[in-house]
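Subject: Structure handover

Hello,

Here is the structure I said I would pass on. My notes on it follow below.

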Amino acid sequence: MQNPGSTTPDRVGRFPAQARFADGAQYIAGRLRKGTSGRTHAVTDPATGEEVLTYELAGPDDVDAAVAAARAAFPAWAGATPGERSDALHRFAAVLADRAEDFARAESLQCGKPLKLTREFDVPGTIDNTAFFAGAARHLQGQSAGEYSGDHTSYVRREPLGVVGSIAPWNYPLQMAAWKILPAIAAGNTIVLKPAELTPLTSLLLAQAATEAGIPDGVINIVTGTGREAGEHLVGHPDVVMTSFTGSTAVGRRVAEIATATVKRLHLELGGKAPFVVFDDADLDAAVQGAVAGSLINTGQDCTAATRAYVQRPLYEAFVERTAALMETVRLGDPFAPGTDLGPLISHVHRDRVAAFVDRARAYARVVTGGEAPQGDLKNGAYYLPTLVTDAAQDSEIVQSEIFGPVLVVLPFDSDDEGIALANDTPYGLAASAWSRDVYRANRATREIKAGCVWVNDHIPIISEMPHGGYKASGFGKDMSAYSFEEYTQIKHVMFDNTAVVRKEWHRTVFGDR
């Protein structure tokens, strides 16, 4: 395993968070303020364990203030024309582009992502998504008017919902915040977002950039607190009409339970255990490259990461050997070093959780490579070596459970029927990929694999114009695309009587003569 260089002592100085958020880590009605829970939380650099920011956590009073600000801002923002909202979002995209390096450094610092990943993927993707919804804001359509019942004309309006309460995870804090904020405000809603308390920096920067772009105060509000205190209060708030949550399936069930009590609209993007199905006619080199990239993206902390590789038996041994060899060339190191391929996991607690999955698997499976934390210069960070596991049973924990780390399990299969059946044999259905040169074989896999996205001869890319969301225990609802945009609206049927006189026939039908 190559190490491109030790961590450097001035990492926190590359993004001075203490100075940037001295006024607090809550953004309500267009300004930063301190939380009122009476408790603090430290954001730490997972590459070094060094403290980045200590801030006052939000409590219920902060959530109430944020919801009140969003509710006050809603009438004017909902009443703005689509063109006005579009112009504001175009300005927002321009501000984000101007601040791109700031966002990239803050995201790398709080998450441990390699800077080259945040510069080339997270930040450009967020800017592109903002530009997409700037355009989409002008294309919110109902249905054309028509006469469907006698002398009556009907049409369908799409209207904003009101105040949306959203909860974003720590693995892609910038992009997940954008995926929740952008379609909501493009459709005319206002929003209160709770980022993960581990990673609030880029959500706060995003809200400040929106204010700089001229989006009115109160349209976007950020409350940074714990899920148990701030998150549950936000989900259960009577003035919040929709909840959007991204996170684990277990927490998603709790969110759904709370939201159901007030009959809220729900959008849930939950866990994943993506299968990576390699048929015996696949390009083996391409599949190996795809498996390593797809399983190690964001240090495996990705709901769509390739976690279960099913390889048809003629290619199985070669696939295992080549994948292990390629994993061993991946360079762990300082996320700010140009040569780093893989950064740390989000925290030492999470690193130990991932390690425990692998350690338990040693009793029933074989760890081919990895399976431990590196030593030397990286020993203080939350690092874990890229890990390949074989010889596990389909019903074992390491195959069935979401690990959320740089761990790939490889299993063989014989027939196409078996490969597709194994791919579908977990509770999850967020993403999958199929690898084959045969268009008919690949097309069958895309039809029969139960997942919200099925890539062919690739794994992981996403685009703003296409939806992202799951089947089964991976949740429901879509992020990105026009499908996401429509979810943040409600439909109203409007019906006109085209005659100039009061119609009595229908009344007589119901009530008789009066």
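The expected span of a helix is 1.5 Å times one less than its number of residues. Please keep in mind that this is a predicted model.

Helix H7

Helix H7 covers residues 201-212, and its 12 residues should span 16 Å at 1.5 Å a residue. The C-alpha atoms at its ends are 17 Å apart, which agrees with that. Nine of the 12 residues are buried, so H7 is largely enclosed by the rest of the structure. The buried residues are Leu201, Thr202, Ser203, Leu204, Leu205, Leu206, Ala207, Ala209 and Ala210. Just after the helix, glycine 214 has a positive phi of about 95°.

Aromatic rings

The search of the whole structure gave eight aromatic pairs. One of them joins tyrosine 155 and phenylalanine 496, which are stacked, with 6.2 Å from centre to centre and 20° between the planes. Tyrosine 155 belongs to strand E6 (residues 152-160) and phenylalanine 496 to strand E22 (residues 489-497), so this pair ties together parts that are 341 residues apart in sequence. Are these two residues buried or partly exposed? Tyrosine 155 counts as partly exposed at 26% relative accessibility, and phenylalanine 496 is also partly exposed, with a relative accessible area of 44%.

Ring pairs also link Phe132, Phe133 and Phe485 into a cluster. Separately, arginine 360 lies over the face of phenylalanine 357, 5.0 Å from the ring centre.

Pockets

The largest pocket has a volume of about 1,100 Å³. Its lining is made up of 48 residues, and Pro169, Trp170, Thr246, Gly247 and Ser248 lie nearest the centre. By class, the lining has 25 nonpolar, 14 polar and nine charged residues. Which elements each supply at least two residues of this lining? They are helix H6 (173-186), helix H8 (227-236), strand E10 (242-246), helix H9 (249-261) and helix H12 (348-361). H9 gives the most, with six residues.

The second largest pocket holds about 410 Å³ of space. It is lined by 17 residues, with Lys116, Ala293, Leu296, Ile297 and Asp341 nearest its centre. Helix H5 (115-136) and helix H10 (284-296) are the elements that give two or more residues to this lining. The lining of this second pocket divides into 10 nonpolar, four polar and three charged residues.

Regards

Terms used
Residues numbered from 1 in each chain as written. Predicted model: local features only at pLDDT ≥ 70, side-chain atom pairs only at ≥ 80, totals over all residues. Heavy atoms only, no water. Helix = DSSP H or I, 4+ residues; strand = E, 2+ residues; numbered from the N terminus. Buried < 20%, exposed > 50% of the residue type's maximum accessible area, 1.4 Å probe, protein only. Phe/Tyr/Trp six-rings, centres within 6.5 Å; stacked < 30°, edge-to-face > 60°. Lys NZ or Arg CZ within 6 Å of the ring centre and 35° of its normal. 1 Å grid on protein atoms, 1.4 Å probe; cavity = no way out; pocket = protein on both sides within 12 Å on 5 of 7 lines; lining within 4 Å. Points joined across faces, edges and corners; volume = space filled by probe spheres on them. Nonpolar A, V, L, I, M, F, W, Y, C, P; charged D, E, K, R; others polar.
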